[in-house]
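Dear colleague,

Please find the structure below.

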Amino acid sequence: MLFRSPGYQDLSPERLTCIDAEAGVRLWLIAGEAFGQHGPARTHSPMLVARACLQPGARLALPLPAGWNALAYCIQGGVFTAEADEDGQSNAPALLPARHMAQFADDGEGIVLCAASDSATDSDTQVLILAGAPLEGPVVSWGPFVMGSREEILQAQQDYLAGRMGRLGGVPF
């Protein structure tokens with residue numbers, strides 16, 4: 001999986017899967033599956049990538065497979081976060097303000113987000129949600145490279161510096 005040919009996916013906003021998940025909640029699905037629909041991005045491991053827009057006071061209960069890692073990054077507004085139990089109920093909510101991230105334990109049935117009600121702005125809350133199956137084995141990173149060992153990182157560095165990483169055809173940059 002680590003040594004793959006380079007590729008490019010055009011994921012313009014109109015290609016994303018838009019889901020009206022619950023009252024006051026719109027979800028733009030980029031990768032993975034949620035509420036029976038699939039995002040357009042191809043991935044090499046099971047994951048979910050989505051942007052959620054929650055109106056003030058709206059609640060999103062997002063089921064996730066057991067054992068998945070998950071995080072939420074609040075882009076705008078504020079959101080209360082909690083983990084869902086097997087009945088979809090949330091526990092111990094905590095406020096996540098804008099430009100902050102919450103990491104969820106991998107022992108729940110999903111995550112719950114509740115947009116804060118701010119009477120001063122009444123603007124929607126924007127949240128980036130990332131979740132996925134844990135990677136098996138060791139993980140070593142250097143810059144944009146993520147490999148399974150130090151030796152593989154050194155090989156990737158050499159390949160990059162020697163121009164052996166390939167070129168993307170048809171990419172506008």
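M101 counts as exposed, at 51% relative accessibility; here exposed means over 50% relative accessible area, buried under 20%, and partly exposed in between (1.4 Å probe, protein chains only). This is a predicted model, in which local features need pLDDT of at least 70 and side-chain atom pairs count only at pLDDT 80 or more, while totals for chains, interfaces and linings use all residues. Residues are numbered from 1 along each chain as its sequence is written, and side-chain values use heavy atoms, with hydrogens and water left out.

M101 lies in strand β10 (residues 100-104); strands are DSSP runs of E, at least two residues, numbered from the N terminus. Together with Y73 and I75, M101 makes a nonpolar surface patch of about 270 Å². Such a patch joins nonpolar side chains (Val, Leu, Ile, Met, Phe, Trp, Tyr) within 5 Å, from residues with over 30% relative accessible area and no salt bridge. Areas come from the Shrake-Rupley method with a 1.4 Å probe.

There are two salt bridges, a salt bridge being a side-chain nitrogen of Lys or Arg within 4 Å of a carboxyl oxygen of Asp or Glu. One joins D20 and R26, at 2.8 Å from N to O; D20 is exposed at 56% and R26 partly exposed at 35%. The other pairs R164 with D159, at 2.9 Å between the closest N and O atoms. R164 is exposed at 53%, whereas D159 is buried at 13%.

The disulfide count is zero, taking a disulfide as two cysteine sulfur atoms within 2.5 Å. For C53, the nearest cysteine sulfur is that of C18, 9.4 Å away. C53 is buried at 11%, and C114 is partly exposed at 23%.

Regards

Key:
Patches are made of residues with over 30% relative accessible area and no salt bridge: like charges are joined within 9 Å, nonpolar side chains (Val, Leu, Ile, Met, Phe, Trp, Tyr) within 5 Å. Helices (H or I, at least four residues) and strands (E, at least two) are DSSP runs, numbered from the N terminus.
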